Amino acid sequence: MVRTRFAPSPTGYMHLGNLRSALYTYLYAKKQGGQFILRIEDTDQSRYVEGAVDVIYNTLRDIGMLWDEGPDIGGAYGPYVQSERKAMYKPYAEQLVKAGKAYYCFCTNEELDARREESSQKGEVWKYDKHCLHLSPEEVQKRIAAGEPYVIRQNVPLTGEASFDDVLYGHIAVDCAELDDMVLIKADGMPTYNFANVIDDHTMAITHVMRGNEYLASTPKYNLLYEAFGWEKPVYIHMTPIMRDQTHKLSKRDGDAYYEDYLKKGYLREAIVNYVALLGWNPGDEREFFTLDELKETFDVTGMSKSPAIFDVNKLTWMNAEYVRKLAPEEFTRHALPYYEQAGVAGMDKDILCRILQPRTEIFTQIPEVVDFLTALPDYDAELFTNKKSKTDSAVSAEVLDFVIPALTALPEWTEEALHETLLGMAEAREMKNGTLLWPVRISLAGKLVTPGGAMEIATLLGREESLRRLNLGRAKL
RNA sequence: GGCCCCGUGGUCAAGCGGUCUAAGACACCGCCCUUUCACGGCGGUAACAGGAGUUCGAGUCUCCUCGGGGUCACCA
């Protein structure tokens, strides 16, 4: 049984990079009928953020990535919150000490700093010097009994090679001489993050460890721990970060690194997930639209990229527009409604709004700006009446409005059909290009060069009174 | 700096020794459609980081150089 885990720190936000890691981790397990476990890594209490765990729950649920075990639903390997596991790490470290694979260290920070400084003076790379490895058991006991603070360090062999095999990157080997004796248990009795990870992954029976690339170089060292315990090693799959550009990761200071940011900007969650899934993975064929279920069927590590991908809002926006266009009209309206309200057009004909807006909306937040002219006629210049392609200028526009206004005033019914028939009928009767007649009408109605929809839709949305008022205003400008 | 990893168009990417005078998508440009804009249709510009090898043959394998990232904490 494949068991993978997503182990975020509760920061209050869901970084897109984390989201993608969670996604791949989830998909990998689900593709193989395995289990996806959620573990909260909150050992750093100083970074505690109120409600942050809920953000994680809500985001995953919102997207549909349901976990099989986790803090809220429990499971056979709990607890699933690291701070609640505190007590279980130290005995493991002590077990290692007994086996000679770890040792107590009494060096103080000051002493370490001094030695570090000294070695950097000499231009050397600092590595813990195993100073306390040679303390006799008696002395260790004496100092512990005396209440002296201590840490427990991993005892890395001086020679030989540590290595592991990554599914994506292949065999990664590091010389043990390069490795530092890392701290396993801190002076406060708490485990270091890396040690806790090894213990948690093993005790939670995680079979496939999927995590960020930044652990690639240190994983051989963790593997030494598995060997020291005699535990079976997990399969490792390291994943690339999402970049802002060639040299920087997507980060919070760019203001666009979080999933929440994109929801606020009017992106659909399905589009975000779809786009993010494709950043660093491809299905091997030319498909690029996937629902979560389709991803579950299709996802495969062989399609994962080894080099980081640069995030391109352009393509996300395009993809979002594709999702928007595929929405059922009711769905489109449901998503657009808050923006209609914001723009003051919520009382207008929703069918027409949907018809003119849906093909033009890339992200929902664009709507208010696009329909602003419906609630307030912009202050516009008569130059707008001149358009070469439509063959209009102020004289032609004046002429057109002079016969359009009376005709529309006389319209018995102010419907789109009636407007359509009347307007185009007049163009035909006068052997005038549709565009020539419609241009001044639309400009008068909208006071804007570019509008969603044409003259008929706008007139219908505006209604008889407002339309005629605007047409007369337009005529007056000429 | 040591060690580890990565390197195909502006971006995402296919390619796993010959079918590469290198696919597809986004963006960009042009044309068509058209009631403005958008949608849609058609077409175009644009890449194997560089150099040595190996081989009959290299984007694909090896090495070096360059570029980029990661990592070297009692942070996670």
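**Terms and their grounds**

Q: Why are H15 and H17 called roughly perpendicular to each other?
A: H15 and H17 are called roughly perpendicular because angles of 65 to 115 degrees count as such, whereas those under 35 are roughly parallel, those over 145 roughly antiparallel and the rest oblique. Helix H15 (residues 394-409) packs with H17 at an angle of about 85°, the axes being 9 Å apart; axes are lines fitted to C-alpha atoms, for helices over the stretch in contact, and angles run from 0 to 180 degrees between N-to-C directions. This is a predicted model, in which local features need pLDDT of at least 70 and side-chain atom pairs count only at pLDDT 80 or more, while totals for chains, interfaces and linings use all residues. Residues are numbered from 1 along each chain as its sequence is written, chains are lettered from A and ligands numbered from 1 in the order in which they are written, and side-chain values use heavy atoms, with hydrogens and water left out.

Q: What makes the contact between H15 and H17?
A: On the H15 side the contact (heavy atoms within 4.5 Å) includes Val-396, Val-400 and Phe-403, and on the H17 side it includes Leu-437, Pro-440 and Val-441. By class this contact has 8 nonpolar, 3 polar and no charged residues, where Ala, Val, Leu, Ile, Met, Phe, Trp, Tyr, Cys and Pro count as nonpolar, Asp, Glu, Lys and Arg as charged, and the others, Gly among them, as polar.

Q: Why are strand E3 and strand E7 called edge strands?
A: Two strands pair if DSSP finds at least two bridges between them, and strand E3 (102-105) and strand E7 (183-185) each pair on one side only, which means that they are the edges. The open sheet of 3 strands has the order E3-E4-E7, with antiparallel pairing.

Q: Which residues are closest to RNA strand B, and how many surround it?
A: Taking as near any residue with a heavy atom within 4 Å, 57 residues surround RNA strand B, the closest being Lys-186, Asn-282, Arg-360, Gly-453 and Met-456. The residues of this surface divide into 23 nonpolar, 16 polar and 18 charged. Of the atoms of RNA strand B within 4 Å of the protein, 67% belong to sugar or phosphate, and the rest to bases.

Technical notes
Helix = DSSP H or I, 4+ residues; strand = E, 2+ residues; numbered from the N terminus.
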